Amino acid sequence: MKPVAFEYCRPDSIAEAVALLAEFGPDASVLAGGMSLGPMLNMRLVRPAALVDVKRVQGLDGVVMQGAEMRTGATLRQAAAMRDAHLMQSVPLLALALPHVGHFQTRNRGTLGGSVAHADPSSEIPLALATLGGAVELVSKRGTRRIGAREFFVDVLTTARAPDELLTALLWPLRRAHSGYAFDEICQRHGDFAIVAIAAEAVVDANGALAHLALGLGGVEARPMLADTAAFLGRTADGKLAREIAAAAADAADPMSDLKATADYRRALVRSCGATVLAAAFANAGKP
């Protein structure tokens, strides 16, 4: 199949891109890497009047440290991010998640910002950003605003981005002291969409007690889900605690059912895979 006819626009600057989005509004689609949008266009799941290609917009592919955050431009390609040693060391959860994203070939075209803007509930990059409590930068003719990743994702393929806004950057909190990170997912084949993905950031104090925990679940509900872990803080971070937290997260989840898996199966995966990921995060806490 082929896309419907559309007007192709290739701006050279953020200002030009924003002006186009203001002109076309909800009738425009933004093209960054195109790894998700391309197939959707061909299958006519989206039918834009205009396609705004931002791949050549200057200043959208950089990596900059800003205070306690790493700022990654929206068009930074996934493969380029993996080659950036400073970024991978500063944001270990992203480093652990990226090898699970698609395949080598797609990571050479796919972008960090495009994955977040697409908001697939099984996607690894949105899950990592939400788990870390990162943020999204949006620019329009009305100005620039920042929104937390946990508020940015609204539903399946739905975000808080307004039609006239351009996603320009992702803001990643830097690695915490005494922290451990772990990521894993269950899928039918490597590179497929995750049936369930688990991301964890844990801080363990000098006495071995859990001081901070963020546990993110992907592919379970309509958007990245953060488990409520407050009741487990202060306890010894060991395998027993990992199993308790994973079981509580599974019980609290409201998993979706689809052709890949039932809700009950997803809940069971959260319980088993979650315990493994949490145990790994606890074990990694405090390591350089």
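**Ground rules.** I am working with a predicted model, where local features need pLDDT of at least 70, side-chain atom pairs count only at pLDDT 80 or more, and totals for chains, interfaces and linings use all residues. Residues are numbered from 1 along each chain as its sequence is written, and side-chain values use heavy atoms, with hydrogens and water left out.

**Overall.** I find eleven helices and 14 strands. Both are DSSP runs numbered from the N terminus: helices are H or I with at least four residues, strands are E with at least two. I checked the radius of gyration, taken over C-alpha atoms; the globule rule is 2.2 Å times the number of residues to the power 0.38. For 288 residues a compact globule would come out near 19 Å, and the protein has 19 Å, so the two agree. Along the principal axes, the C-alpha atoms fill a box of roughly 60 × 45 × 35 Å. Buried residues make up 51% of the 288. Buried means under 20% relative accessible area, exposed over 50%, and partly exposed in between, with a 1.4 Å probe and protein chains only.

**Helix α10.** I looked at residues 239-252 next. The expected span of a helix is 1.5 Å times one less than its number of residues. The 14 residues of α10 should therefore span 20 Å, and the end C-alpha atoms are 20 Å apart. Its buried residues are L241, A242, I245, A246, A249 and A250. Their cover includes β13 (210-218), β14 (225-226) and α11. At the start of α10, a side-chain oxygen of D238 comes to within 3.3 Å of the backbone nitrogen of K240.

**Cores.** A nonpolar core is a set of buried Ala, Val, Leu, Ile, Met, Phe, Trp, Tyr and Cys residues joined through side-chain atoms within 4.5 Å. The largest has 35 residues, and V116, V136 and W172 touch the most other members. Helix α8 (residues 124-131) gives this core its largest share, five residues. A second, separate core of 33 residues includes I198, M225, A246 and V270.

**R266.** Is R266 buried or exposed? R266 counts as buried, because its relative accessibility is 1%. R266 sits in helix α11 (residues 263-284). Its side chain reaches the backbone oxygen of A261 at 3.1 Å. Contact means heavy atoms within 4.5 Å. Leaving aside neighbours within four places in sequence, the contacts of R266 include I195, V220, M256 and D258.

Key
A polar contact is a pair of N or O atoms within 3.5 Å; within protein, one must be able to donate a hydrogen and the other to accept it, and residues adjacent in sequence count only if both atoms are side-chain atoms.
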